[in-house]
Amino acid sequence: MTKIVTVPTTPFEGQAPGTSGLRKKVRVFQQPNYAENFIQSVFDVVERPQGSVLVIGGDGRFHNRDVIQQAIRMAAANGYGRVLVGQGGILSTPAASNVIRKYGASGGLILSASHNPGGPDEDFGIKYNIANGGPAPESVTGAILARTKEIDRWLTVEAADVDLDAPGETAVGEMTVEVIDPVADYADLMEELFDFDAIRKAVSSGFTMRFDAMSAVTGPYAVEILENRLGFAAGTVVNGTPLEDFGGHHPDPNLIHAKELYDLMMGPDAPDLGAASDGDGDRNLIIGRGRFVTPSDSLAMLAANIEIAPAYRGRLSGIARSMPTSAAADRVAEALGVPCFETPTGWKFFGNLLDAGKVTICGEESAGTGSDHVREKDGLWAVLLWLNILAVRDISVDQLARTHWARFGRNYYARHDYEAIDSEAAAGLMRELKAALATLPGQAFGPLTVSHADSFAYTDPVDHSVSENQGIRVLFEDGSRVVFRLSGTGTQGATLRVYLERYEPASGQLDADTGVMLEAQIAAAQEIAGITRHTGRGAPDVVT
Ligand code: G16
């Protein structure tokens with residue numbers, strides 16, 4: 001019998017229920033007791049019958065292996081029966097969600113700071129997913145936070161490190177640790193969902209792509225699925241080896257951090273499809289030859305075509321999108337006669353809708369799309385659905401986009417990020433904005449007149465829980481809008497996100513420049529929120 005060691009500790013402030021678990025600098029996580037306090041707080045409050053299965057895996061970033069070893073010892077001391085851990089400590093976030101569901105685990109610890117950079121001076125994160133495979137809902141993250149404020153001990157066993165590179169089983173105390181193939185279950189699931197034959201046929205007829213894994217977790221998944229199973233040429237996946245520091249880059253699949261891919265796709269040597277995923281494999285970027293597809297449009301276009309994929313035939317029950325995501329998906333839902341749900345930002349808000357069968361596909365402007373196959377957004381899944389649709393319809397990304405807009409109209413959309421601004425200044429901006437909400441309707445900002453302004457609150461249609469303060473919406477009489485929100489995933493100061501949107505009907509200008517189309521909304525946002533006055537910034541750091 002292994003000795004359980006009780007380590008005295010002092011309460012700490014974990015993190016208020018943010019968008020995605022606990023995210024801090026690696027140095028913060030390296031402090032004695034820090035990660036342990038969080039993990040013990042999770043084990044103290046979550047539902048986990050004695051002897052349950054726990055899944056552990058991460059995106060391979062710096063500090064991943066250290067936390068995994070500690071979490072394994074703590075799980076053994078806390079009465080888990082079995083831990084499933086990805087070989088090399090690797091599990092993409094959607095793959096972890098799949099493993100939790102497939103093997104009936106009570107939950108999982110996912111170690112990642114998503115698209116944030118990695119390395120000794122960069123970011124780390126831990127989040128807990130529940131038995132449905134999805135991020136813990138606010139009731140659970142709230143309980144974890146409360147527990148971090150009173151925790152006074154954590155439990156561990158004295159045991160050697162597990163060899164994370166050797167597949168197979170090891171005993172740690174009374175518990176069994178199994179090192180599993182991180183890719184196989186996920187790749188098999190993808191093969192069940194999509195028409196791999198149709199994609200293979202397109203590939204053999206000359207369809208080409210480039211997938212940029214950004215030196216992050218999706219490399220091994222993409223090589224297995226795209227090159228080995230679908231027959232894309234070797235070298236289709238670039239930056240395919242997960243590195244602890246992502247090669248010094250931000251593993252964020254947007255037009256700034258995946259610029260090389262973007263430039264390729266806009267140039268003369270572009271393949272048919274360009275795609276990328278982020279640090280932990282849940283986000284996606286889709287670019288056709290000469291055509292970038294915004295995440296909001298991607299959700300709408302995938303939803304409109306999802307029934308082409310075998311596993312979705314005849315079963316689109318509904319669509320969900322986060323509030324700041326454009327309303328392009330709403331138009332598809334309306335045309336197809338299915339409901340569309342508007343949730344707060346954060347994948348956890350889709351969990352109940354998916355579990356209840358109310359929606360089949362969901363997505364967010366922050367480059368996340370997914371379905372009821374797991375309970376996380378899923379980068380490679382989105383790429384494969386695009387491939388399946390393009391292969392069967394035998395059209396290009398650009399043609400698909402144009403055909404879509406010609407039917408549904410186009411939601412011009414952009415997000416302006418003001419990063420690492422002073423937290424107090426950001427809070428002041430939001431406070432002032434909220435206080436002014438009632439005075440906005442009727443006011444004109446350039447050519448735009450405000451028709452409605454509110455602070456978004458959401459009542460979950462399944463469990464009726466209420467989430468307030470989920471961003472400020474300002475709607476204009478012409479149907480356009482601006483949304484203001486503070487990011488919940490940054491690790492430095494605050495990030496203000498300004499979301500801008502304008503609808504152009506099918507009879508209008510469908511191929512205009514987004515920046516030009518949104519000029520009035522951009523000016524109105526600046527004036528309404530006094531962005532420069534509060535933050536000292538004259539322009540956003542990132543425009544996507
Ligand atoms: C996380 C959540 C997403 C959410 C995003 C928002 O993404 O999983 O559901 O849309 O945060 O980020 P922010 O609060 O910064 O706008 P990820 O990929 O970081 O896990």
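How far is an oxygen atom of the ligand from an N or O atom in the side chain of Ser-487? The answer comes up in point 1, and bear in mind throughout that this is a predicted model.

1. The Ser-487 side chain puts an N or O atom 2.6 Å from a ligand oxygen. Arg-497 also has a polar side-chain atom 2.6 Å from an oxygen atom of the ligand, and for Lys-377 the corresponding distance is 2.8 Å. On its own the ligand would expose 460 Å², of which the protein buries 99%.

2. The shell around the ligand. There are 18 residues around the ligand, and the ones that come nearest are Glu-364, Ser-487, Gly-488, Thr-489 and Arg-497. Sorted by class, the shell has 10 polar, seven charged and one nonpolar residue.

3. Aromatic pairs. The structure holds 11 of them. Take Phe-12 and Tyr-34: their ring centres are 5.0 Å apart and their planes sit at 75°, so this pair is edge-to-face. It ties together distant parts of the chain, 22 residues apart, with Phe-12 in the loop between strand 1 (4–8) and strand 2 (22–25) and Tyr-34 in helix 2 (residues 34–45).

4. Burial of that pair. Phe-12 has 12% relative accessibility, so it counts as buried. Tyr-34 counts as buried too, at 10%.

5. Charges over rings. Arg-331 has its charged end over the ring of Tyr-503, 3.3 Å from the ring centre. Arg-410 does likewise with Trp-405, its charged end lying 3.9 Å from the centre of that ring.

Terms used:
Residues numbered from 1 in each chain as written. Predicted model: local features only at pLDDT ≥ 70, side-chain atom pairs only at ≥ 80, totals over all residues. Heavy atoms only, no water. Phe/Tyr/Trp six-rings, centres within 6.5 Å; stacked < 30°, edge-to-face > 60°. Helix = DSSP H or I, 4+ residues; strand = E, 2+ residues; numbered from the N terminus. Buried < 20%, exposed > 50% of the residue type's maximum accessible area, 1.4 Å probe, protein only. Lys NZ or Arg CZ within 6 Å of the ring centre and 35° of its normal. Near = heavy atom within 4 Å. Polar contact = N/O pair within 3.5 Å; in protein donor to acceptor, adjacent residues only side chain to side chain. Areas by Shrake-Rupley, 256 points an atom, 1.4 Å probe, with all protein chains shown as cover. Nonpolar A, V, L, I, M, F, W, Y, C, P; charged D, E, K, R; others polar.
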